[in-house]
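Here's a quick briefing to read alongside the model. Have the sequence and the 3D view open as you go.

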Amino acid sequence: MKRIETAFKNKPIFMPYFPLGYPDLDTSIDVIEAMAKNGADLIEVGLSFSDPLADGPVIQKATQVALEKGITIRKSLEAVKELRDRAVEIPLVLMGYYNPMLAYGLEKFICDAVDAGIDGFIIPDLPLEESEEFISALSVVKAQADHGDRTLTPLSEMALVQMLAPTTSNERMEMIARNAKGFIYLVSVTGVTGERKSISEGLGELIARVRNHTDVPVCVGFGISTPEQAKEVGRMADGVIVGSACVKTIGGSETPVETAIQFAAEFQSALS
């Protein structure tokens, strides 16, 4: 069974986000490994970009630090391979923006990502209507693998995860949900990522709207910052995504690996 499907056998799942290269590359690898082995069910592995339009100030600052310290797509993919070599077995999904992938070369990027052990992609600035180029590159690489030109993890297991928001029209929501793979990333609020004091009113209704159109798991992100909030969202959703709070708590710690272990354990406990 695919890694992503396996992760959702016990719902709701805990899905933290952390960018590679922050506060430095070695520490970020250690942090992701620590969360993977201490409560995280799936991890969004962040690729840094100079114009992260969907991210709030906490993640913007972290990715800027990573860029200043020399993080690149190539180094990020090598780090993912290192995580797999360290026996990290949970799904790892790359979260990044489209321009660096284009600059790297889409087919090469997909090949190298799959070779490294990635299970899917989240690309906030690539709406479904404009994703034909990426999906076409995915198909080309898959054909190469099928013909024995490359030795790759089965590309049928790869997911280009789509995002939905409260402002998504019913017609567009149906189209996206119908074509969804892996899981749906449901943005709980309008605006950028960041911690909020409370869960958005109407979230349950929004989740129900999405589920009317698909059987794919629905995961909620943007604004979840405490285990208590995660527990509340977990009663409604199949997965809980925690980004800014994760980056702020771990990145600001003098002992980031130990903090990562505690952070993951607390959220997993709240969702159990």
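In α4, I73, R74, L77, V80, K81 and R84 meet K108, F109, D112, A113 and A116 of α6, where contact means heavy atoms within 4.5 Å. Sorted by type, the residues of this contact come out as 6 nonpolar, no polar and 5 charged. Keep in mind that this is a predicted model: local features need pLDDT of at least 70, side-chain atom pairs count only at pLDDT 80 or more, and totals for chains, interfaces and linings use all residues. Residues are numbered from 1 along each chain as its sequence is written, and side-chain values use heavy atoms, with hydrogens and water left out.

**How the helices pack**
- Helix α4 (residues 73–85) packs against α6 at an angle of about 20°, and their axes are 8 Å apart.
- The two helices, α4 and α6, are therefore roughly parallel to each other (angles under 35 degrees count as that).

**Confidence**
- The protein chain has a mean pLDDT of 90, and 92% of its residues reach 70 or more; pLDDT is the predictor's confidence in each residue, from 0 to 100.
- Over residues 191–196, pLDDT stays under 50.

- K11 and P12 are joined by a cis peptide bond, with omega about 0°.
- Another cis peptide bond runs from Y22 to P23, with omega near -10°.
- A87 isn't a glycine, yet its phi is positive, about 70°.
- You'll find A87 in the loop between α4 and β3 (92–95).
- F222 isn't a glycine either, and has a positive phi of about 75°.

Technical notes
Axes fitted to C-alpha atoms, helices over the stretch in contact; angles between N-to-C directions. Helix = DSSP H or I, 4+ residues; strand = E, 2+ residues; numbered from the N terminus. Parallel < 35°, antiparallel > 145°, perpendicular 65-115°, else oblique. Nonpolar A, V, L, I, M, F, W, Y, C, P; charged D, E, K, R; others polar.
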